[in-house]
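Q: Hi! I've got a protein structure open and I'd like to talk it through. Can you help me?

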Amino acid sequence: MIEDKRWEKVYSFEDSPFIMEILTQLRDKNTGSIAFRKGLVKLGRYMAYEITKTMETETVKVETPLEETEGIIVKDRRNVVIVTVLRAAIPLMEGLIKVFEHARVGIVSAVRGKAPKFEIEMDYVKIPQIKPEDTVIVADPMIATGSTLTKVLEEVKKYGEPKRTIVVGVLAAPEGITKIKSKFPDVEIFVAKIDRELDDKGYILPGLGDAGDRAFGEPLKLTTLPQVHYIE
Ligand code: URA
């Protein structure tokens with residue numbers, strides 16, 4: 001885990017060859033949706049494992065079959081709220097929850113409109129109560145313009161004041177990180193890698209394409225469906 005010098009509390013996993021290998025597979029345009037989803041689950045799991053290294057622990061006594069000794073529990077692991085930003089974060093959340101198995105889970109939908117405005121529509125919001133001892137982990141694989149996450153973080157704030165708020169993603173563009181950090185300086189950001197830039201459509205370069213489409217296939221536009229006539 002490396003802290004990026006351009007911002008505070010922004011970390012990437014470029015020092016982890018295994019995480020970089022999974023990212024390379026996700027970037028590859030020939031990786032199909034099954035392998036893509038599996039890659040996101042793996043990344044969620046390994047990034048969660050890395051995040052536990054930053055969590056508070058407590059010394060406990062444990063009885064082995066032979067004698068008593070000291071051990072630890074990762075206290076904060078028990079107080080996690082994962083907020084999943086539909087849709088590409090679903091497999092990432094599946095990985096995170098393998099490590100944070102006690103997590104309460106919030107789900108929000110956020111659809112980004114077209115350039116240049118990139119307006120965000122949030123139709124579905126289900127977030128549990130957030131307590132002072134909680135670590136909130138907002139899972140969104142692609143931190144591009146930062147507009148979606150800014151809106152999601154504003155919404156999350158309404159549900160309580162946590163101990164820590166963390167954003168977990170696969171890739172981030174510097175523009176997106178700067179936007180989030182300007183509005184939420186205390187939010188910690190963990191991504192596999194920080195990429196070069198955004199293109200004029202808001203895609204991350206070199207990136208991995210549309211993470212939702214790659215994981216779940218391209219959605220059909222309803223207007224292209226044939227008309228259905230119901231007979232009473
Ligand atoms: N969302 C994606 O899925 N990919 C990008 O490159 C940017 C936003």
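This is a predicted model: local features need pLDDT of at least 70, side-chain atom pairs count only at pLDDT 80 or more; totals for chains, interfaces and linings use all residues.

Q: Which residue forms an aromatic pair with Tyr11?

A: That's Phe190, and the pair is stacked, with 4.8 Å centre to centre and 25° between the planes.

Q: What about Phe13 and Phe190, how are their rings placed?

A: Their centres are 6.3 Å apart and their planes are at 20°, so this pair is stacked as well. Phe13 lies in the loop between strand 2 and helix 1, and Phe13 is buried. Tyr11, Phe13 and Phe190 make up one aromatic cluster.

Q: Nice. New topic: what volume does the largest pocket have?

A: About 1,100 Å³. It is lined by 36 residues, and those closest to its centre are Arg87, Val111, Arg112, Tyr203 and Asp210.

Q: What classes of residue are in that lining?

A: The lining of the largest pocket has 18 nonpolar, 9 polar and 9 charged residues.

Q: And the second largest pocket, which element gives the most to its lining?

A: Helix 4 does, with 3 residues. The second largest pocket has a volume of about 320 Å³, and its lining has 6 nonpolar, 2 polar and 7 charged residues.

Notes
Residues are numbered from 1 along each chain as its sequence is written. Side-chain values use heavy atoms; hydrogens and water are left out. On a 1 Å grid over the protein atoms alone, a cavity is a set of points where a 1.4 Å probe fits but cannot get out, and a pocket is an open set with protein on both sides within 12 Å along at least five of seven lines; lining residues have an atom within 4 Å of a point. Grid points are joined across faces, edges and corners, and a volume is the space filled by probe spheres set on the points. Ala, Val, Leu, Ile, Met, Phe, Trp, Tyr, Cys and Pro count as nonpolar, Asp, Glu, Lys and Arg as charged, and the others, Gly among them, as polar. Helices (H or I, at least four residues) and strands (E, at least two) are DSSP runs, numbered from the N terminus. Rings of Phe, Tyr and Trp (its six-membered ring) pair if their centres lie within 6.5 Å; planes under 30 degrees apart count as stacked, over 60 as edge-to-face and the rest as tilted. Buried means under 20% relative accessible area, exposed over 50%, partly exposed in between (1.4 Å probe, protein chains only).
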